Amino acid sequence: MVINPRSESKELKLYRMLNRRMDLSDEEVQYYWSLEKGFEGEIQFDAWLNDLPGSENWLILNDLLLEYNRTTFQIDSLLLADETLYFFEIKNFEGDFFIDENGRWLTLTKKEIKNPLLQLERSKSLLRQLLQSLGLKVAIKSKIIFINPHFQLYQAPLCQPIIFPTQLKRFSKQLPKPLMIKNQNIKFANQIAALHIEESPYKRLPKYTYDNIKKGISCGSCKSLNVIYKIDTLICINCAYKEEVETGVLRSIIEFKLLYPDNKITTTSIHEWCRIIESKKTIRRILSKHFTLVPQGRTSYYADPHFI
Ligand SMILES: [Zn+2]
């Protein structure tokens, strides 16, 4: 049973929008791709876990950001089975890596990467202390899961909490058999889920303003901004995808509010943001159908809906 299903982080959603609406630096693009790749690996891990027989009787928690002693730490996946809490750090590394004589993790081109074993040890220790401080007693087992079949690590020491792609099947047999879910375990899992903290992604984003961002409606399929508008229909020049104008405008409003949480939804602001719809009437019709007007004379605006 999945307590909190995984979805893209707000940071990843924002990076996707910024990537198509402005020029990112090489470093920013690299960081953006690492987010995409990480998320893709997590989805693959979830699918693998889901496919294991009886997995619905495990309690699974995803993407937790926890804090202990003013230090935050991220947990990709937790699995509560019987009296044991499995803590998984999922890595979607691809290509050849090696560990040198000083224990540093390097790519074949000698670029050093963060040592995942140290990261895991740090997070596990913080998790243990956090649970102890709350009087929650449970054994914790932690593993780094390398999910990508095209990953190879040379000179890996033995007996480390590492599961390579070729070992996943064998590892699944070591996990405790899923038993009936106990109420006390659900209570425990919910207690952990309640510790999750939200962190604002905005301070880590590339600098952007309203003016340096490309306006327009993105395609509902390929996400390109190369979209034109013809008689209530949006047509993508890139992939020929067609959709009703209303769907595209609503998606654009979500993007607008995510990128500019402080900006108000008005006919003028959304008309300018969508760019390709000439008639303000069309925009007003969609807004008044889906949003509640907050009347304030000339500065009237539409209230943010619950889904933003
Ligand atoms: Zn398209």
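**Entry 1: strands**

I began with β2 and strand β3 (residues 71-81), which run antiparallel and are joined by 9 bridges. A note on terms: strands (E, at least two residues) and helices (H or I, at least four) are DSSP runs, numbered from the N terminus, and two strands pair if DSSP finds at least two bridges between them.

Before going on, I noted that this is a predicted model, where local features need pLDDT of at least 70, side-chain atom pairs count only at pLDDT 80 or more, and totals for chains, interfaces and linings use all residues. Residues are numbered from 1 along each chain as its sequence is written, and side-chain values use heavy atoms, with hydrogens and water left out.

Which residue of β3 is the bridge partner of L61? I found L78. The hairpin of β2 and β3 has 2 residues between the strands, and N69 takes a positive phi near 55° there.

Strand β1 (residues 2-4) also pairs with β2, in the parallel sense over 2 bridges. I60 in β2 is the bridge partner of V2.

I then checked cover: 7 of the 10 residues of β2 (residues 59-68) are buried, so the strand is mostly covered. Buried means under 20% relative accessible area, exposed over 50%, partly exposed in between (1.4 Å probe, protein chains only).

**Entry 2: helix α7**

Helix α7 (residues 267-274) is mostly covered too, with 6 of its 8 residues buried. They are T267, S269, I270, H271, W273 and C274. What do these buried residues pack against? I listed α1 (10-21), α6 (245-259), α8 (280-290) and β15 (301-302), with contact meaning heavy atoms within 4.5 Å. Just after α7, R275 takes a positive phi of about 65°.

**Entry 3: cavities**

Rolling a probe the size of a water molecule over the atoms shows where empty space is left. On a 1 Å grid over the protein atoms alone, a cavity is a set of points where a 1.4 Å probe fits but cannot get out, and lining residues have an atom within 4 Å of a point.

I got 2 cavities of 30 Å³ or more. The largest cavity has a volume of about 90 Å³, a volume being the space filled by probe spheres set on the points. Of its 13 lining residues, N57, D82, L179, M180 and N185 are the closest to its centre.

The second largest cavity holds about 30 Å³ of space. Its lining is S218, C219, G220, V227, L234, C236, Y241 and E243.

Notes. 1 Å grid on protein atoms, 1.4 Å probe; cavity = no way out; pocket = protein on both sides within 12 Å on 5 of 7 lines; lining within 4 Å.
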